[in-house]
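Me: I have a few questions about the terms used for this model. Please set each value against its cut-off.

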Amino acid sequence: MKHDKDGNPLIERYNANERSNHWITAICFVLAGLSGLAMFHPVMAWLSALFGGGQWTRILHPFFGVVMFASFAVLVVRFWHHNQFEPGDRQWLSQTSDVLAGREHALPKVGRYNAGQKVLFFTLVVAMAFLLLTGIVIWRQWFSGYFPIGLIRLSALLHAFFAFVIILAIIVHVYAGIWVKGTMGAMTRGYVTYGWVRKHHPRWFEQLMRKGK
C-alpha cells in the first residue's frame, strides 16, 4: 500500500493506464479546440499559426478529433459502469445549494462519482458522438462528396454547437477539479487520502473498506 509523506495510507483512484488515457484525451481536446476555433471565425484565425498556418490547421483538425474520440471511447468503456445513475442521485441534483455551499453532510452518500459528474459524463458522451458524426460529414477531403449540401450545412452548424457544449462542459470539469481540493492530484498521481474519499465519496469509501482495500 502506498503512503503519503506523513506515513498515512492512500487509496488508488486511477491507475497509470487510466491517467494516461485521460491526458491523451485532454491534450487532443486542447489541440482540436484551438484548431477548430482558428477556423471558426476570422478574429481567431491567428491561432492557426500554432499549427503551421491555415492549410495545416484544416488538415490536422479532423485528425485531432478522431484521436480524441478514440481515446475518449476507451475512457467510456473503462468508466461506464461507475457512471450509472443510482438511488440518491436525483436528490443530490436537487440539493444544488448544499453542493455549492460545501454542505456534503446534508447530501445523500456518494459512490465513486456524484450525480453531477455522471451528468457531465453523459453530456460528453453525447457531444463526442455528434462531433464525430458531423465531423465526418463536413470532412471535405474524404467524405463530403458523399453527402448532399443541405446535410453538410446542417452538420457544420451542429458541429459548432456541440463543440460549444463540450468546451463549456470541460470548463466545468476543470473548475470542479480545482474547486474540490485533492481532485487534481487524483488524476496526476493517481492516489487520494482516506479523508478525501470519506468526505467526498463516503459510499465508495464504505465499499472499499468492506472489500478490505
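Reply: Start with a helix pair. Helix 5 and helix 6 are roughly antiparallel to each other. This is a predicted model, in which local features need pLDDT of at least 70, side-chain atom pairs count only at pLDDT 80 or more, and totals for chains, interfaces and linings use all residues. Residues are numbered from 1 along each chain as its sequence is written, and side-chain values use heavy atoms, with hydrogens and water left out.

Me: Why are helix 5 and helix 6 called roughly antiparallel?

Reply: Their axes cross at roughly 150° and come within 8 Å. Angles over 145 degrees count as roughly antiparallel, under 35 as roughly parallel, 65 to 115 as roughly perpendicular, and the rest as oblique. The axes are lines fitted to C-alpha atoms over the stretch in contact, with angles from 0 to 180 degrees between N-to-C directions. So helix 5 and helix 6 are roughly antiparallel.

Me: What is the handedness of the crossing of helix 5 and helix 6, and which residue classes make up their contact?

Reply: The crossing is left-handed. That term applies if the near helix is turned anticlockwise from the far one by less than a right angle; clockwise is right-handed. The contact of helix 5 with helix 6 has 19 nonpolar, six polar and no charged residues. Nonpolar covers Ala, Val, Leu, Ile, Met, Phe, Trp, Tyr, Cys and Pro; charged covers Asp, Glu, Lys and Arg; the others, Gly among them, are polar.

Me: What makes helix 1 and helix 2 roughly antiparallel?

Reply: The axes of helix 1 (residues 16-40) and helix 2 (residues 54-79) cross at roughly 150° and come within 8 Å. That angle makes helix 1 roughly antiparallel to helix 2. Their contact holds 14 nonpolar, 10 polar and three charged residues. The crossing of helix 1 and helix 2 is left-handed.

Me: How many helices and strands are there?

Reply: The protein has nine helices and two strands. Both are DSSP runs numbered from the N terminus: helices are H or I with at least four residues, strands are E with at least two.

Me: Is P108 buried or exposed?

Reply: P108 is buried, because its relative accessible area is 18%. Buried means under 20%, exposed over 50%, and partly exposed in between, with a 1.4 Å probe and protein chains only. P108 sits in the loop between helix 4 (96-101) and helix 5. Its C-alpha atom is 7.7 Å from that of D89, 19 residues apart along the chain.

Me: Why is T193 called partly exposed?

Reply: T193 has a relative accessible area of 34%, so T193 is partly exposed. T193 belongs to strand 2 (residues 191-193).

Me: What lines the largest cavity?

Reply: The lining includes P108, D89, W92 and R203. By class, the lining of the largest cavity has five nonpolar, two polar and three charged residues. The space in this cavity is about 40 Å³. On a 1 Å grid over the protein atoms alone, a cavity is a set of points where a 1.4 Å probe fits but cannot get out; a pocket is an open set with protein on both sides within 12 Å along at least five of seven lines; lining residues have an atom within 4 Å of a point.

Me: Which helices supply the second largest pocket's lining?

Reply: Helix 1, helix 2, helix 5 (115-138) and helix 6 (149-179) each supply at least two residues. The pocket has a volume of about 1000 Å³. A volume is the space filled by probe spheres set on grid points, which are joined across faces, edges and corners.
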